[in-house]
Amino acid sequence: MQNTTTRHGLTAPEARELCDRVLRFAKADHTRVNIESGIRGFTRTAVNRVTTAGVADSLSVTVTSVFGKRVASVSTNRLDDAALQRAVRDAEELAKISPENPEYLPELGEQQYVAVDGYYASTGELTTETRARAARLGIQAAEAIKASASGFIDVQAGSTAVATSNKLFAYYSRTGVASTLTVRTPDGLSSGWAGDEGSDWNTIESSRIAEDAVRKCQQWRGKTLLEPGKYEAVLEPAAVGMLLENMMGAFDARAADEGRSFFSKPGGGNRLGEKLFDEKVSILSDPAEKNAETSPFTGAGLPVRREVWVEKGVLKTLSYSRFWAERQATSARPPAGNFIMSGGNATLEDMIKETKRGVLITRFFYIRSLNPRILSFTGLTRDGTFLIENGRIQRPVNNFRFNQSLAALLSSIEMMGRPGRVANEAGSVGRPIVVPALKVREFNLASISDAV
Amino acid sequence: MQDRIGRREFVKMTGAAGAVLAGAGVQPPAGQKPAPGPDASERDIVLLALDAAKSAGADYADVRVVRVNNESVSTRERQITNVGKSETYGIGVRALVRGAWGFAATRDLAKESVVRTAKEAAGIAAANSKINPVKTTLAPAVKTSDGRWMTPHQIDPFTIPIEEKAQLLFKTNEAALGVRGVRFVNSSVSSVRDSRLLGTSDGSLIQQTFIRIAPSVNVTAVSADNSDFQTRNAALVPMGAGWEYVIGLDMPANVLRWAEEAVMKLTAVSVTPGVWDVVLHPSHLWLTIHESIGHSTELDRALGYEANYAGTTFLAPPAKVLQKFKFGPEFMNVNGNRNEPGGCATCGWDDEGVAAQSWPIVEKGILVDYQTTRELVGSISEITKIRESHGCAYGQDWSSIPFPRMPNVSLMPNSRDLSEEDVIGDVQRGIYIEGDGSYSIDQQRYNFQFGGQAFWEIRDGRRVRMLRDVAYQARTPEFWNSLALIGGRRTYRLGATFSDGKGQPSQLNAVSHGCPIALFRNVNVINTA
């Protein structure tokens, strides 16, 4: 545990006491208590000023009651005995009248968890003034080039706990911070973006974010037409993260076994053990990953451990719910908490040098599933798109809509950079994503977007 | 502290940032049931928070005590997957100090906590005021000293037992599973009750209760050899309504068509990409309106406030486009409407105490106005000559700061009461699209691409066969100017979502869009296979 003076969210003893208090009210066959507590602070800028800033505390208690295989949950954010008793009573009454869930498995007993400390005092103690100073760096950098800064600093700090009537208790505390900045020219013809996300505020480089967003905005000035088509592409780490985050939900064994996933095998079953991607591709998740920590347990208290999902292009693991694992005679594996991809040593400059005719992409926007059978997605490039010719950036170009299969993308990787944690599309604290920059043989830029 | 501000003083308080107009007084209840007034203790808390914020230096403050109840029942095939209820309750205070905003919120409604939170909001605002070169001012709003409103409804969905809801879903699933080729069905129903008491330092005190309900059915057919699967989502419309709405949908009977269409999609003809006329059913068109008109006419986007995430808009700067930009043909009229019956964004007042209203955004094809709030309307008043907000401020819950959110934005029907057949009859070679599917649009709302749920080829004015793998891609100005024909009032339907995301931190807004069936010429259709 990092040294802190003010910790947000309930401490472990406080959480245990609250869980015990709720469990004492319970009369069901099984009861589970989930507690989420903490704060969220934010500072938002636009048109070179702070537009909104604030802080909100939160604490929710969710009671899950079980009679036989009848299950229901009730959550509340009131903590007095009367409110907690009412929540327990409501959950029990609701469970009694709910139809049976034949897939329900009894609540877990005590479990062993990986030790993870995701709470950083640097983040937990961040003040309104510190956020405002960091935001000011972005505004000053934009003002220096007579441009306009819009940014967001999101801070979350708190804890999560779960307890069951079978004597399970688990507790985890964590912090997260995201800082993103968009710099636009006053004529609205150019825009640049940069951002960081981490568990530790000390890893957020506010000055570098300001410099990068300004540099992108300046470099993208004077964009000219590039026709849509299939191009070689160099994807910056943020672009890779925003794209690949979308495939995490596909690693579900049940959907694959039921024939409704990219990982379904024609004729039945799934594609575990098959080489589906380039051998440079390995994908794993690890709750203890430094500065990308996640809870070492699920909401039901199931341990979350390091998992290798793809190794050298081969599908190694799918996630199994307890029910599906029992049905398929294997062990339960929760979905990944974070997304960590293998990398290489290439720099962005190396990738550009090796590109004959391609496009450099800074980040994406509005990514949505197009065809889950081939893991294809659509979305748009944004805030810095450039044509590369003969190993050099030739000129800034218009944005594009892409229609691209991620399976095809992961089969056409030529070079990889060093992986790092990246900010997500929303610029808020989210699921940790650790990915490298990529150079790919082909990326389908399907139509032009005039947006800046 | 509670006693320091009495009723009379409260009513007298005037925000320095905005003058108060003549009062509107008590509003008559809009629904079949009388709208409840404020709980006495909540009213005291609101007054206490306003007083504390003012004492801490706020020139203006508004306070919301919000209780949101959610209930959801979810099933797959013949079993329950989730039954849950949640309640979240707390207070949020927004303070304006020397032209800068601060916000603080807490779930702890004890007096000391409420006072501390109000002071914190003012403190954050004061800190921000030191680095802000531009000072925020607010447009005037009519004072409503005892406002009451409730979603018109007949049956409160929270009074219907879970068993009854589950049985309806099971019956629906069973009917779908009886269709050969259907392997999976997911169905659910979510109910929301949002009770919010708003107090402003202008002297408004408004109690509103919102009831919303969202049923959902999704059918999956899988080919015999597992090589293909297709889904048909029923695209059921979330509604500001009670349980009577769900009963009226008759899901167990109607699911047969959705199930049959899921199976038909497995063997339907894959679309030939190219230029097609498209006829868009309201169950699909609502989302196209939402993305390309709803979001592009938000004034905060036009002014750059959302540049870092949701984006700006091609309809900017306002001075260049207002009353000039030709959005579509002369018969195209689009209204912002906080009074739309059944609308998810229908209300009595917004979160700044501005009364619900309807106003033209696109009139005879020309952009004439934006969606506005008290903070932003002043930036276009000189052009529109409208000095008061249209009432588009909303915060998702007690812990969320109110900011510009979309009202119901609807495309008006044809004054001639044309039927669906009349519209399809005007197409030689086209595609009829029903239900919303994959959707994506760029950050200035130019380039969009939309899928759907069911696609039919039209030949010589008639639907002839099912198609699959269809999406269309277009640029907003050209697309709306290719609008060739719209149906009449009889084809007008609402579409809606509970979860329109915007802002940082991202907040969800429930919003509806009404529209008639509509024909667009020469649209670029792609194949998504």
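Student: Which residue is the bridge partner of A:Ala56 in strand 4 of chain B?

Tutor: In this predicted model, the partner of A:Ala56 is B:Ala105, which belongs to strand 4 of chain B.

Student: How many residues of each chain are in contact, and which elements of chain B supply them?

Tutor: Contact is found between 63 residues of chain B and 74 residues of chain A. The elements of chain B that each supply at least two residues to this side include strand 4 (100-106), helix 3 and helix 4 (162-177), while the largest share, 10 residues, comes from strand 3 of chain B. By class, the side of chain B that touches chain A has 30 nonpolar, 25 polar and 8 charged residues.

Student: Why are helix 4 and helix 5 of chain A called roughly parallel?

Tutor: The axes of helix 4 (residues 128-144) and helix 5 (residues 206-219) of chain A cross at roughly 30° and come within 9 Å. Angles under 35 degrees count as roughly parallel, and helix 4 and helix 5 of chain A are therefore given that description. Their crossing is right-handed.

Student: Which residues of helix 4 and helix 5 of chain A meet, and how do they divide by class?

Tutor: Among them are A:Ala134, A:Leu137 and A:Gly138 on helix 4 of chain A, with A:Ile209, A:Ala210 and A:Glu211 on helix 5 of chain A. The residues of this contact divide into 8 nonpolar, 3 polar and 1 charged.

Student: What makes strand 14 and strand 17 of chain B the edges of their sheet?

Tutor: The open sheet of chain B has 4 strands in the order 14-13-12-17, with antiparallel pairing. Strand 14 (366-367) and strand 17 (408-411) of chain B each have a single partner strand, so one side of each is left without a neighbour in the sheet. The partner of strand 17 of chain B is strand 12 (residues 334-337), joined to it by 4 bridges, and B:Asn337 has B:Asn408 as its bridge partner there.

Student: Which strands stand at the edges of the open sheet of 6 strands in chain A?

Tutor: The order in chain A is 10-9-8-11-18-17, with mixed pairing; strand 10 (314-315) and strand 17 (420-421) of chain A stand at the edges, because each has a single partner strand.

Student: How do you know that chain B agrees with a compact globule?

Tutor: For 529 residues, a compact globule would have a radius of gyration near 24 Å, and chain B has 24 Å, so the two agree.

Key. Residues are numbered from 1 along each chain as its sequence is written. Chains are lettered from A and ligands numbered from 1 in the order in which they are written. This is a predicted model: local features need pLDDT of at least 70, side-chain atom pairs count only at pLDDT 80 or more; totals for chains, interfaces and linings use all residues. Axes are lines fitted to C-alpha atoms, for helices over the stretch in contact, and angles run from 0 to 180 degrees between N-to-C directions. Angles under 35 degrees count as roughly parallel, over 145 as roughly antiparallel, 65 to 115 as roughly perpendicular and the rest as oblique. A crossing is left-handed if the near helix is turned anticlockwise from the far one by less than a right angle, and right-handed if clockwise. Two residues are in contact if their C-beta atoms, placed from the backbone, lie within 7 Å. Ala, Val, Leu, Ile, Met, Phe, Trp, Tyr, Cys and Pro count as nonpolar, Asp, Glu, Lys and Arg as charged, and the others, Gly among them, as polar. Two strands pair if DSSP finds at least two bridges between them. The radius of gyration is taken over C-alpha atoms; the globule rule is 2.2 Å times the number of residues to the power 0.38.
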